[in-house]
Amino acid sequence: MANVESELTPVISFRNADIINGETPVVYGLNMDVMPGERVYIIGKVGTGKTSIIRTIIAENPLRSGRGIVCGYDLSDISTDEIPYLRRRLGVVFQDFQLLMDRTVWKNLEFVLRATGWGANDDIDGRINLALEAVGMSDKAHKMPHQLSGGEQQRIAIARAILNAPDVIVADEPTGNLDGETAEGILQLLDRINKLRHTAIVMVTHNRTICMRYPGRTFEVADESCKEI
């Protein structure tokens, strides 16, 4: 079902999409395209529906009205079996890291690969090594998450996000729980991934300064709508 996108085909495309939270619509008539290698911000006050858009992109929230295509998958009729393959092509970074606390960094990353369809004959070790090297965490593979600082945990979360060489990274307030210096390091890392890997970045943030320092297209969620500003 997935197609290979050209430079002219969006990796994410919504048309007149109503975004829900539970059963309640929170954003009506979303129109948004994200092109390969592009950086896009979604800003707005708490509770306006920013995270619900992210959950729709990753097929955690269903799309019941309008049209949404993400990495070639139609969100309106995506099957349960297809969702792991969609998520192979997406990387997701959360504010609260969402690492599994009962296993090592290595086992966290291995879990993600298994969950997205990697089998016994695939080069799981090589893929994990490359991801950890890319975020400067090669020496932390044996650590438990609680042994890492917040910034280190977020770097591991980014390693998890790039394991499958995704078309797009979706980041929901990725610096929200970090101090200023650590946050800047995370932003620089995402910027480097965007530029060197040509990976599109969709970031939810309340911090407009980020949008100015690392320029990209910006959408604002307010009054049950989301529009480019």
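## A tour of two sheet regions

Start by selecting strand S1 (residues 12-21) and strand S2, which pair in the antiparallel sense over 7 bridges. The model is predicted. At this pairing, find Ile20, which stands opposite Pro25 in S2.

With S1 and S2 they make an open sheet of 4 strands, ordered S2-S1-S4-S5, with antiparallel pairing. Look at the two edges: strand S2 (24-34) and strand S5 (73-74) each have a single partner strand, so one side of each is left without a neighbour in the sheet.

Now select helix H1 (residues 50-57). Helix H1 lies across S1, S2 and strand S4 (67-70), and runs at about 120° to S1.

Move on to strand S7.

Which strands pair with S7? One is strand S6 (residues 90-94), which runs parallel to S7 and is joined to it by 5 bridges. In this pair, Val92 stands opposite Val170 in S7. Another is strand S8 (residues 200-204), paired with S7 in the parallel sense, also over 5 bridges. Here Ile169 stands opposite Ile201 in S8.

Finally, trace the chain from S7 to S8. The path goes through helix H6 (residues 180-197), and this β-α-β crossover is right-handed.

Definitions and conventions:
Residues numbered from 1 in each chain as written. Predicted model: local features only at pLDDT ≥ 70, side-chain atom pairs only at ≥ 80, totals over all residues. Heavy atoms only, no water. Pairing = 2+ DSSP bridges. Right-handed = clockwise from strand over helix to strand, strands pointing away. Contact = heavy atoms within 4.5 Å. Axes fitted to C-alpha atoms, helices over the stretch in contact; angles between N-to-C directions.
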